[in-house]
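Please look at the sequence and the structure below before reading on.

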Amino acid sequence: MKAVANEHLKKWIEEMCLLCQPKDVQIIDGSDEENKQLIQKLIESKTLVKLKRPGSYLARSNPEDVARVEDRTFICSKSSENAGPTNNWQEPAEIKTKLKGLFQGCMRGRTMYVVPYLMGPYGSPYAKGAVEITDSPYVVVNMRLMARVGKRAEEALGNSEFVKCLHSVGRPLAADEKDVSWPCNPKETYIVHFPEEREVWSFGSGYGGNALLNKKCFALRLASCMARDEGWLAEHMLIISVTNPEGEKKYFTASFPSACGKTNLAMLSSTLPGWKVECVGDDIAWMHWGKDGRLYAVNPEAGFFGVATGTSMKSNPNAMKTIEKNAIFTNVGLTDDGDVWWEGMTDVPPQHLINWKGEEWGQAAVPTEKAAHPNSRFTAATSQCPVVDPLYEAPLGVPISGIIFGGRRSTTMPLVRQALSWEHGVFLGASMTSETTAAAKGEVGKLRHDPFAMLPFCGYHMGDYFAHWLKQKVSGRKCPEIFYVNWFLKDDSGKFLWPGFGENMKVLKWMCERIDGKTKGVKTPIGIRPEAQELGCHPQLLEINQESWKKETKDLESYFATFGKKLPQELLEEQKKLQKHFECC
Ligand code: OXD
Ligand code: MN
């Protein structure tokens, strides 16, 4: 084992070796040579299959380990009050004892990888150092694409404290036991956060956000607590720039629940001549106030972990180009010529392939199973995106003019509206609802509240989180304008009313014009909306249905009540105002 310079890291590795008892330890330096060796090992263990795309591989997970497990995810702050009603909580000392029991000897027969990494661009004052200890080489090769991993990150740690992320697939190997291609332990899965200690302990899953602890666990759940303490915002948001035909550029962040089109919007290919979108990030934004009073966003990640299913040259050509090489695919189909396929990728499916479960699939086999799991994923570096914004790694971030909220709603929520004030905008974020998707285990298509798309990712009491957002408005600051969109309205026959994808540019254009005061908009009780002819859209897309809104505000009343005294008064007032309006007229 190579020596590490950071004293805290040295000590932690020693402690974790004693606890987990790995057969050996490897400190990850991030070099190409090291990656080659890890990939080779993963091919030998049949975890990865080499694809015909240059530098690209396919992994198939255990069918019981396919998505984030929200019911096994815990926020173990010292007091349950701080975790709040939206998080699972357990007493930290008790769960640590339980976890220590599970981690005892859990890496027997396996290598312990020590992965130093940085979230945020190198040289950024907002970047934060961390280390993940894991027994999954699959995790290491994915993290290498999604975070800044290795020697440079280790150097950036200096001798200071760092965020500690401990991960095990939870499947120790006996002396002569042959490994399986996707070791995991679904019956004993725990994803546990200790916000005060800045630690994550994850056991039993090798999939996505359960195992790549840099992403949801650190950059959102722990970082949201850091942001609360330090006065900034850690959000589940994409970051884009929008440039008009005159070459003027504005940056936006947008927050939608998982698998509601964030990656598609982040790489939008415009249908409006002269307008373009460029991508800074597709999932997470860390935002700080600049000296000029504007809000600046950095993307703490270095890569995408996008949903593959449904991605096509029609829906997201730029994502398709991003993953032409050096990509890792998980739970998609393998075609006979060594390429990948998933539902929605092409209109005509291949005649035959091997599906995500490793089974024969195609016309001869009469498929009952999908080719790809609905939460199948691709991992690729941001730098490979053909529309990456030139400032995507700017150390101080990019200045944000607009913040967009939204969800997947087949009824009620109009295509677009603008908040009437910062407080109203925070209310819009707090009242977000969406139909559930396959990104998390559980029923798909069920309506749930997902405030700020942070329901599964806020590391503290959601009522305090709302208050933190409200507190951002102080004199001398220029708060971004806030918008709310819904691309998913359907007509009575169940057909989408809005084409979405590249056409969403029309909505972004309207937002830019509102920010610049170039269009007036129509004031309604739920916000300022465009005229239908401005967007060339069906008027039904901008309708406010009295009965649906009456129900919506009533339901919001009960939801807000779950936050008790922690619900900020400003949000209660916004809710009451709306309720009164829809009940009386
Ligand atoms: C994701 C998610 O993987 O939000 O980005 O679930
Ligand atoms: Mn996400």
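What is the order of the strands in the open sheet of 4 strands? The order is β20-β19-β21-β22, and the pairing is antiparallel. Two strands count as paired if DSSP finds at least two bridges between them, while the strands themselves (E, at least two residues) and the helices (H or I, at least four residues) are DSSP runs numbered from the N terminus.

This is a predicted model, in which local features need pLDDT of at least 70 and side-chain atom pairs count only at pLDDT 80 or more, whereas totals for chains, interfaces and linings use all residues. Residues are numbered from 1 along each chain as its sequence is written, chains are lettered from A and ligands numbered from 1 in the order in which they are written, and side-chain values use heavy atoms, with hydrogens and water left out.

Strand β21 (residues 352–354) is joined to β22 by 3 bridges in the antiparallel sense, and here Leu353 stands opposite Trp361.

An open sheet of 5 strands runs in the order β2-β3-β18-β23-β17, with mixed pairing. Because β2 (48–50) and β17 (303–307) each have a single partner strand, one side of each is left without a neighbour in the sheet. On average, neighbouring strands of this sheet are turned by 20° against each other, direction ignored, where the axes are lines fitted to C-alpha atoms and angles run from 0 to 180 degrees between N-to-C directions. Between β2 and β3 (residues 57–59) there are 3 bridges in the antiparallel sense, and Val49 has Leu58 in β3 as its bridge partner.

Which residues coordinate the manganese ion (ligand 2)? Lys216 (NZ), His236 (NE2) and Asp283 (OD) do so, at 2.2 Å; donors are N, O and S atoms within 2.8 Å of the metal (3.2 Å for Na, K and Ca), and since water is not among the atoms, sites may look incomplete. Along the sequence these donor residues are spaced K-x19-H-x46-D. His236, in the loop between β11 (233–235) and β12 (238–243), and Asp283, in the loop between β14 (276–281) and β15 (285–289), are 47 residues apart, so the pair links distant parts of the chain. Both His236 and Asp283 are buried, a word that means under 20% relative accessible area, with exposed meaning over 50% and partly exposed lying in between (1.4 Å probe, protein chains only).

Among the residues around ligand 1 are Lys216, His236 and Asp283, where a residue counts as near if one of its heavy atoms lies within 4 Å.

| Residue | Distance |
|---|---|
| Ser258 | 2.5 Å |
| Asp283 | 3.2 Å |
| Arg377 | 3.0 Å |

Taken alone, ligand 1 exposes 210 Å², and the protein buries 92% of that.

Helix α11 (residues 422–430) is mostly covered, with 8 of its 9 residues buried, including Trp422, His424 and Phe427.

Most residues other than glycine have a negative phi. Gln21, in the loop between α1 (7–20) and β1 (24–27), has a positive phi near 50° and is partly exposed, with a relative accessible area of 30%. Asn326, in the loop between α10 (317–322) and β18 (328–330), also has a positive phi near 50° and is partly exposed, at 34%.

Methods:
A polar contact is a pair of N or O atoms within 3.5 Å; within protein, one must be able to donate a hydrogen and the other to accept it, and residues adjacent in sequence count only if both atoms are side-chain atoms. Accessible areas come from the Shrake-Rupley method with a 1.4 Å probe; for residues, only the protein chains shown count as cover.
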